[in-house]
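Hi everyone, and thanks for making time. Please have a look at the sequence and the structure on the screen while I talk.

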Amino acid sequence: MKEGVARFWREIPQRYNFMGNKCGTCERVFFPPRESCPYCRRKSIGNMKEIKLTGKGEVVTYTIIHVGPDDFEEQTPYPIAIIKLEEGPQITAQIVDCPLDEVKIGMKVESTFRKIQQDGHTGAIYYGYKFHKCYNNK
Amino acid sequence: MREVAVIGVGLTKFGELWDKSFRQLIAEAGSKAILDAKIEGKDINALYIGSMSSGRFVDQEHIGALVAEVSGFSQLHIPATRVEGACASGGLAVREGYLSIASGINDIVVVGGVEKMNDVGGSEATEILATASDQEWEAFFGATFPGIYAMIATRHMHEYGTTKEQLAQVAVKNHANGAFNPYAQYQSPISLESVIRATTVAYPLGLLDCSPVSDGAASLVLCAAEKAKKYTDKPIKIIGSGQASDTLALHGRRDICTLDATVYAAKMAYKQANLTPKDIDFAEVHDCFTIGEICAIEDLGFVEKGKGGKAIDNKITTLDGSLPVNTSGGLKAKGHPVGATGVAQIVELTMQLRGDAGKRQVKDGKIGLAHNVGGSGATCVIHILEAM
């Protein structure tokens, strides 16, 4: 990518710690956090509260990427899913530690902290969330 | 608001055009449209140019003025504006041109769309296209652009029982149409089996479910309808124009299988034209991936949500079906030079409505619709055209 690193550390609270926010008016939860609630709009301004999400959710849809971007090429084939978190928001993330044919819609998953990509051999390493199956099936 | 008509069209061949530059492509399409409309440079009040990422594909921004220059208009100092909305850039340029005439500000404008995608390598082209998705919250985590459409397909298959065969049939149909289009990147039919057996790009989508990386340009001359007959015997009126937006990321949408931007843009265009989906005779829709065409015919209201796959089985959308879709070959076979696509769709509708579409001419087509999508559905622009 060859990007300035500030672009990545700026997102650390979200990508490392699942910090989202909640509209003080309608209680809807957003991840990544939004400046205002798209449902309450002006009523939500100044009324968005930071919250930490549990990182647990369910697979809504998925794909298996066979042709990846250069930065991900050595990982192919890998599953990418949209996950509905238990607090409500949906996010896109990789599913790991799971045979490809076991990735299914409805599968319960939880987040895990992993390396996402790196800026060439000498550049910064970027971390963030990936998801694996819920082991205790909850 | 004034009525607006298309009075000239121009298209380059779409494909891997190694011997043509960005500048040559747009100049060629533009001059064809201007000659077709029988206007002169001094008649043109403004230029609107759609291009998704000239900056990344050919390292050149500021292309509004550049296009005016390479078209020979530098001494006329014509206002020239570049419009961007990812793969909907062309359709947005059409709408900006349309609005500028409808408002009464301009009488004649030239709209262009262009992309020169093959000056970068295949993997870089893929990376540039991914900038139409949410870079921070989709692409960062390894989601590719085909992967995002693939997730729409997986969910559509899960919810509605849509099959890989139905997806493949879209590609087969569009290649069959492309075989009749001398401008198309691919002019040969393909078999169902070859689509299904093609190497997987992002499950469930294979290589032949995806539109290609293309070079090409398209252009239109738009004119106030009241003055159109001065230039042509067959002006084609724009009777509806709609545009809508949605979240950049697929995961932010109300429903994974519905492109609400299409639904809202269509509502706007139908309302203006005072039409319902049943009144549309044929359409060019945004089939960047085969699933895209299935969602499009549902979200445009041609068939019920979830019945898109069945409609393909029932051959409704073939050239001789009750609602021919992508008579040009679509993005799939005609090619998808992203900024050019939305303009080229209007060129196809105009050729059909003029009766100039040759072997792919639809029968009794009076009203055509063009549907152009940016990203995985964050932008949609729709136009409805009718012969005057």
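Predicted model: local features only at pLDDT ≥ 70, side-chain atom pairs only at ≥ 80, totals over all residues.

Residues are numbered from 1 along each chain as its sequence is written, while chains are lettered from A and ligands numbered from 1 in the order in which they are written.

In chain B there is an open sheet of nine strands with mixed pairing, in the order β3-β2-β4-β7-β1-β8-β11-β10-β9. Helices (H or I, at least four residues) and strands (E, at least two) are DSSP runs, numbered from the N terminus, and two strands pair if DSSP finds at least two bridges between them. At the edges sit β3 (80-83) and β9 (282-284) of chain B, each pairing on one side only.

Let's zoom in on one pair. Strands β2 (residues 46-50) and β4 (residues 108-116) of chain B run parallel, joined over five bridges. G50(B) has G113(B) in β4(B) as its bridge partner.

Now the helices. How are α6 and α11 of chain B packed? Helix α6 (residues 145-160) and helix α11 (residues 290-299) of chain B make an angle of about 60°, and their axes are 9 Å apart. Axes are lines fitted to C-alpha atoms, for helices over the stretch in contact, and angles run from 0 to 180 degrees between N-to-C directions. So α6(B) is oblique to α11(B); angles under 35 degrees count as roughly parallel, over 145 as roughly antiparallel, 65 to 115 as roughly perpendicular and the rest as oblique.
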